Amino acid sequence: MGLAAAACVLLPTAPASAAPADLVIDYECAGTSPSSIAKYAPVRLRTRLTFATDLVVGGALDLKWSLAYKDASRFTSPGYYVGGSVMNIMGNVQIAGAWQNILQPTGATTIAQGLQLDKELPLPAGISDPGLLNKPGVIRIEPKDIVVDFAPPDGEANVNDGNDIDNPRGHVISYGPGWTPFDDRPRSEKHIHNDYHETSSQYAWAELKFVGTGVQYVGPRDHEGGPVEIELDHEVRGTVDPSKDAIGDPVNEVHNGGHTLWELNGLPYGEHTIKITNTSTKKAWLDAFRVITNKAAVPTDFHRATCKIVSNPVSIEVTVKDRTGPTPTDTPTTGQPSPSVTPTQSPSPSTSTSQPNQNNNNGNNNHHNNDRTVADRLVSVHGNATSTPTATPKPSAGPTATNYVAAQVKKTPFGGVPSGEAPVASRQPYVLLAGGSLLLLGSAAGGVVMRRRRSAHAGNRR
């Protein structure tokens, strides 16, 4: 009977928890200019938007948005750059219903290595944006467009003359007839990547299309060289002779590489073309073109791609609940015991109260801080008190102002009522049940033994 009674004790159940929203949304991204990072074909993304749905006033709607390429389409580099380019992504989420807003989750990733034209660009792992919930009601959350921007770094990037590992997929300098490549030259000649192209053909040309704000023509100084004409964007900009030094005096050098033979800066940021032409039958060389980028001259949206939803439009409605729990009051109470705070060694502790809906977490709107109960947010003790106040109920003979103390729990469990009261502990009372059962059995056994002894003492008489 005792065991049966013990087995009927109701065990505590885990508090319910609302499942987070998990939306899968497909996008197609198109370029907004010829220099867009999506200039060749639409780039398709698969994204996943998640957020908690057990929302309360004073908490945060924390949107977390992961992104990935859906297929073989990719954003690509619009030019040649040193390391330090940045991919910036901004989403848009329309909030309607009880309150109107647009949240814009953002994310960025820095590309450490240098980039060549059309090199694949990585996506940020995710974007996020917490929005503070300031009143209860039903709200509708609907994802909108995503905007992707590319920001190049300041610096100079070498575009070498050969189709080597630094210039993949054939995006290199274009050479006309009459040029001969020379590879694996001695390091002492100081050529970039230890190679160069040479020609003795009159009118032999080479050109490069690039995106930047400046460009340099790099080659060797050599006493056998002749004049080379320079064009930029199909206009002649000058002539340079590698057989002469910077002040026009002839040189006696042979394959003294790595010199900047011609340079132009201050171009509007964008796509340009540089072309060199050998104007005589003397020798001409091309080691590399060096592309220059001034980040300050780059418009923010110059390489932008805009992504629109191509899967079925999605939205979700969630309810923002009002926060419940004790409310601060100074109403006098009589005839009822009232809790009072009695510090054992407190010189002069002071307390300060704040409104229940006020955000007291120093701008950090994460769920761990915002899930605190109202009572937990009411009191903070200042000063140099060295002891912990203890609440001791005692009868009050007269009016007493209620003193609010911290709630019993720092965080309301998901699905629980945010009242400041701790729910029944999740640990099952197996020890108590077993102890009670043993005590009940022991009592029954003791009674049987006692009756037998009495019977024996009385001569087994009933």
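**View 1. Leu 45 sits in strand β2 of this predicted model.** Leu 45 is buried, with a relative accessible area of 0%. Buried means under 20%, so Leu 45 qualifies with its 0%. Set aside the neighbours within four places in sequence, and Leu 45 is in contact with Ile 25, Asp 26, Tyr 27, Cys 29, Ala 68, Tyr 69, Lys 70, Phe 75, Leu 123 and Cys 307. Lys 70 is 25 residues away along the chain, yet its C-alpha atom and that of Leu 45 are separated by 4.8 Å. The bridge partner of Leu 45 in β4 is Tyr 69.

**View 2. Asp 26 lies in strand β1.** Is Asp 26 buried or exposed? Asp 26 is buried, with a relative accessible area of 8%. Its side chain makes a polar contact with the side chain of Arg 46, at 2.8 Å. Beyond four places in sequence, the contacts of Asp 26 include Leu 45 and Arg 46. Lys 70 is another contact of Asp 26.

**View 3. Strand β4 pairs with β2 and with β8.** β2 and β4 run antiparallel and are joined by 6 bridges. β4 and strand β8 (residues 126-132) are also antiparallel, over 7 bridges. In that pairing, Leu 63 stands opposite Asp 129 in β8. Why is β4 described as largely enclosed? Of its 10 residues, 7 are buried, so the rest of the structure largely encloses β4. Strands of a sheet pair through backbone hydrogen bonds, either parallel or antiparallel.

**View 4. The largest nonpolar core has 44 residues.** Which of them touch the most other members? They are Leu 45, Phe 51, Leu 61 and Phe 75. Several strands each supply at least two residues of this core: β1 (21-31), β2 (43-51), β4 (60-69), β5 (85-97), β9 (137-151), β22 (305-309) and β23 (316-321). A second, separate core has 25 residues. Among them are Ala 204, Ala 206, Leu 208 and Val 291. In soluble globular proteins, nonpolar side chains tend to be buried together.

**View 5. Phe 51 is one of the core residues that touch the most other members.** What does Phe 51 touch, not counting residues up to four places away in sequence? Pro 20, Ala 21 and Leu 23 are among its contacts. Leu 61, Asp 62 and Leu 63 also touch Phe 51. Ile 141, Ile 316 and Val 318 complete the list for Phe 51.

**View 6. An open sheet of 3 strands has the order β12-β13-β20.** The pairing is antiparallel. β12 (179-182) and β20 (284-286) are the edge strands, and each pairs on one side only. Neighbouring strands here are turned by 30° against each other on average, direction ignored. Strand β13 (residues 196-199) and β20 pair over 3 bridges. Glu 198 stands opposite Trp 285 in β20.

**View 7. An open sheet of 4 strands has the order β10-β21-β15-β18.** Its pairing is antiparallel. Which strands stand at the edges? They are β10 (155-160) and β18 (256-264). Each has a single partner strand, so one side of each is left without a neighbour in the sheet. Neighbouring strands of this sheet are turned by 30° against each other on average, direction ignored. β10 and strand β21 (residues 288-293) run antiparallel and are joined by 6 bridges. Gly 155 stands opposite Thr 293 in β21.

View 8. The chain averages a pLDDT of 75, and 66% of the residues score at least 70. Where pLDDT is low, the predicted coordinates should not be read in detail.

**View 9. The protein chain holds 3 helices and 27 strands.** Buried residues make up 38% of its 462 residues. Take the contacts between residues at least 6 apart in sequence: 79% join residues at least 24 apart.

Key:
Residues are numbered from 1 along each chain as its sequence is written. This is a predicted model: local features need pLDDT of at least 70, side-chain atom pairs count only at pLDDT 80 or more; totals for chains, interfaces and linings use all residues. Side-chain values use heavy atoms; hydrogens and water are left out. A nonpolar core is a set of buried Ala, Val, Leu, Ile, Met, Phe, Trp, Tyr and Cys residues joined through side-chain atoms within 4.5 Å. Buried means under 20% relative accessible area, exposed over 50%, partly exposed in between (1.4 Å probe, protein chains only). Contact means heavy atoms within 4.5 Å. pLDDT is the predictor's confidence in each residue, from 0 to 100. A polar contact is a pair of N or O atoms within 3.5 Å; within protein, one must be able to donate a hydrogen and the other to accept it, and residues adjacent in sequence count only if both atoms are side-chain atoms. Two strands pair if DSSP finds at least two bridges between them. Axes are lines fitted to C-alpha atoms, for helices over the stretch in contact, and angles run from 0 to 180 degrees between N-to-C directions.
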